[in-house]
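Please read them beside the coordinates.

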Amino acid sequence: MISRRKFLTAVAAGTVSAATLAACGAPAGQTGSADNPVTITYTWWGNDDRAERTRKAIAVFEKKNPDVKVNGNFTDFAGYWQKRATEAAGGGLPDVMQWDLSYLRDYAQRNQLLDLGTVKINTDAFDKTLLPSGQIRGKTYGIPTSTNAFAVYYDPAKLKEIGVAEPAGTWTYAEYKAWLTKIGQAGGGKYFGGSDFTGIWWQFNIWLRQKGIDAFTGDGKLGFSKDDLRTWLNMNSDLRGTNAVVPADRSAQVKPKSPFGSNLTVSENTWDNFMAGYLKDSGAKELKLVPIPSDDPENLGLFLKPSMLMVASAKTKYKDAAARFIDFMVNDPEVGDIFKTSRGVPASKTQRDGTTFEGTDKAVVDYETSIGKYLKDAPEPPIVGFGTLEAAFLRVNEDLNYGKFTVDGAVDQWFKEAEDVIKQNA
Amino acid sequence: MTQTLTRHSGAPAAAPPARAPRRRGADTRAGYTFLLPWLLGFILLTVGPMLSSLYLSFTNYNLFEAPKWIGLENYTSLFQDERFLQSVGVTLGYVVFGTPLKLAAALAVALLLNAATRGQGFYRSAFYAPSLIGASVSIAIVWKAMFGDSGPVDQGLSFFGINLGGWVGNPSMTMPMMILLTVWQFGAPMVIFLAGLKQIPQELYEAASVDGAGRFRKFVNITFPMLSPVVFFNLLLETIHAFQIFASAYIISNGEGGPAGSTLFYTLYLYLRGFSDFRMGYASAMAWLLVIAVGVITLIFFRTSKSWVHYSGDAK
């Protein structure tokens, strides 16, 4: 039998040695040296391709900064946010993270992210209209790595196959819809025109901008009315159920791939940096990009969005090392050449200049150059809870295409959820 | 410390069974010492989280900020949430149709396998295999591919002139698909049924044969009543199990519960509320409602079981 005294002694001894061990592992300070480097953690979402490129970039960073080691790991996009939520709840976010605009406000406003204005990051080579998209209430929380812009993708080979002309590049919504209808008729059930474009939040957002409406107000409310959304969803009501739009059950079948990547549709409206993924999914040789339709030829509502941002945890112990790593990832020309357009078009000029773009990379860069004259300031980071709203937007549209809702029902349903989210986060 | 423990830990077992109160106290202490690792795990990993989830269910908690007490608001707003009601409907449909079908399949196959035939061992393993691998992610992926557009199931049915198209994208076919998946995994209840069938005394069948009873009569009057405790056990276990369906629904619907909410199972919606919408208080309330619902259903089962479950040695 263990006597109480012996038991307590043993426990005490164990505690002391554990504490000693912990003390040995603890960092001596906030900065490291080549002999005793500090280790920062970095996490990103993506696939194997991005992982390989990131490892290369980290190796270059460690060579240039021998006093810092970077411990990296990644997951896919869906799992990424669930993991961050859990870490934030436990107070243990990684030191540096790849970030998405949709979640910037959720985390920044709840004091989870480091104010990057308090550390040294060079933003001289950035377009000044882009930087506000990483800022909330005047503080910078995220630095864009790269940009993407909204576009209509189409597959020229399929158009040729069914004998429909390629779009000219500027078009009204009526012309765009007529084009989808023509594809639907000529495609004869083998190819559909495109996905229901009214179900894409960002396309709706751009349409609002074309009409001079901001999607969200500065105090975190909706900037548009039920009537706006009703008008928007009604724009496609004559196409739903025809071959101009891919049927809901067909696109549900091919998930998680897109109908466009699965060769069901001839066009798709989305961000221009999806090029490589679409080419791989569909096996097409070439895909082209044109600006999305607008009824006002002078205002396309387009903007450059940071395709991803770099942020740091508010609780990081190594602010200096984290800042140097972010600076390196967004500015270093070698990094630009490693990633090309796989993160989007590099945001800083030094990275663009240090890279040669060829083939599909060139097509994406050329598209962003071609729309340069239409670009306006990017919208502010969306409201807290935006991730939920965007998912609901997509879901309500899917239900609409399944015939579960009328347009009026869909509008009511989305507004109900939006008001609930806004109330929750007020 | 390890040394101290090993030197002393042998003592209680070696000690003679003592009756003196002082020794008994020591035995108790030793017992608790040995129990400690499990007890700690139970308290820290089960009771603790359950209590904190009970507390959180009365709060508005977004994972980042301290929970705000809102009383019963989560519970009341649940019943105005159409998605919540839909998830209840979907789950109940799955439990009500899936569980009896699964048990019927398990019992039918157990009866077949109970007969002494050649290659019995092989068949038993073959039928049991799906329930071993059934909960895995890979099977859900295979299932999705099988029932997809122009997948094997679609092709096979077209051969017989039935054109249903892909099941995965059709809201009215996803539930039959999910039920087929669970029915196919009947291995675990089947093994328990087999064990139960072995327990039935052969004399009863012989006596019935003498009285001229046919196969059907034997089943109704001997097999089922004798097996009823096992049926009850399986029914209870599989019902509780069915309420907790998550992984296959998550995979087949890409974690969305679609198409048109037709696979929005209770636990899937709970998960989405907690980790995608950052509504952990709401999710906790849902979890507790599930605990209560399953508890009530179990209670009803036990109450009604008296009329149809027969234990050998019962007065009935």
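Where in chain A does Ser133(A) lie? The model is predicted, and the points below begin with that residue.

1. Ser133(A) belongs to the loop of chain A that runs between α4 (101-108) and β4 (135-136). Its relative accessible area is 1%, so Ser133(A) is buried. The side chain of Ser133(A) comes to 2.5 Å from the backbone oxygen of Leu130(A). With neighbours within four places in sequence left aside, the contacts of Ser133(A) are Leu101(A), Leu104(A), Pro306(A), Ala378(A), Pro379(A) and Pro381(A).

2. Is Ser146(A) buried or exposed? Ser146(A) is buried, because its relative accessible area is 1%. Two polar interactions of its side chain can be listed. One is a polar contact of 2.8 Å with the side chain of Ser307(A). In the other, the side chain of Ser146(A) reaches the backbone oxygen of Arg343(A) at 2.6 Å.

3. Apart from neighbours within four places in sequence, Ser146(A) is in contact with Lys305(A), Pro306(A), Ser307(A), Met308(A), Arg343(A), Gly344(A), Val345(A), Pro346(A) and Ala347(A). Pro306(A) is listed among the contacts of Ser133(A) and among those of Ser146(A).

4. Next, a helix pair in chain B. Two packed helices are described by the angle between their axes and the distance between the axes. Helix α5 (residues 82-114) of chain B and helix α14 (residues 266-276) of chain B have axes that come within 8 Å and cross at roughly 150 degrees. Angles over 145 degrees count as roughly antiparallel, and α5(B) is therefore roughly antiparallel to α14(B). On the α5(B) side the residues that meet the partner are Arg83(B), Phe84(B), Ser87(B), Val88(B) and Thr91(B), and on the α14(B) side they are Tyr266(B), Tyr269(B) and Leu272(B). Sorted by class, this contact of α5(B) with α14(B) has five nonpolar, two polar and one charged residues.

5. How many salt bridges are there over all chains? The count comes to 29. One of them pairs Lys226(A) with Asp412(A), with the closest N and O atoms 3.0 Å apart. Lys226(A) is in helix α8 (residues 226-234) of chain A and Asp412(A) in helix α16 (residues 407-424) of chain A, so this pair ties together parts that are 186 residues apart in sequence. Lys226(A) is partly exposed at a relative accessible area of 34%, and Asp412(A) is partly exposed at 37%.

6. Lys340(A) and Asp337(A) form another salt bridge, with the closest N and O atoms 3.2 Å apart. Lys340(A) has a relative accessible area of 21% and is partly exposed. Asp337(A), with 33%, is partly exposed.

7. A further salt bridge joins the side chains of Lys349(A) and Asp353(A), at 3.1 Å from N to O. These two residues are separated by about one helical turn, because Lys349(A) and Asp353(A) are four residues apart in helix α13 (residues 349-353) of chain A. Lys349(A) is partly exposed, with a relative accessible area of 45%, whereas Asp353(A) counts as exposed at 54%. Elsewhere, salt bridges that share partners join Asp420(A), Arg273(B), Asp277(B) and Arg279(B) into one network.

8. The last point concerns backbone angles. Which value does phi of Asn263(A) take? Phi of Asn263(A) is near 65 degrees, which is a positive value in a residue other than glycine. Asn263(A) lies in the loop between α9 (248-254) and β8 (267-271) of chain A, and is partly exposed with a relative accessible area of 27%. Phe278(B), a residue other than glycine, has a positive phi near 55 degrees. Phe278(B) is located in the loop between α14 and α15 (280-305) of chain B. With a relative accessible area of 6%, Phe278(B) is buried.

Notes:
Residues are numbered from 1 along each chain as its sequence is written. Chains are lettered from A and ligands numbered from 1 in the order in which they are written. This is a predicted model: local features need pLDDT of at least 70, side-chain atom pairs count only at pLDDT 80 or more; totals for chains, interfaces and linings use all residues. Side-chain values use heavy atoms; hydrogens and water are left out. Buried means under 20% relative accessible area, exposed over 50%, partly exposed in between (1.4 Å probe, protein chains only). A polar contact is a pair of N or O atoms within 3.5 Å; within protein, one must be able to donate a hydrogen and the other to accept it, and residues adjacent in sequence count only if both atoms are side-chain atoms. Contact means heavy atoms within 4.5 Å. Axes are lines fitted to C-alpha atoms, for helices over the stretch in contact, and angles run from 0 to 180 degrees between N-to-C directions. Angles under 35 degrees count as roughly parallel, over 145 as roughly antiparallel, 65 to 115 as roughly perpendicular and the rest as oblique. Ala, Val, Leu, Ile, Met, Phe, Trp, Tyr, Cys and Pro count as nonpolar, Asp, Glu, Lys and Arg as charged, and the others, Gly among them, as polar. A salt bridge is a side-chain nitrogen of Lys or Arg within 4 Å of a carboxyl oxygen of Asp or Glu.
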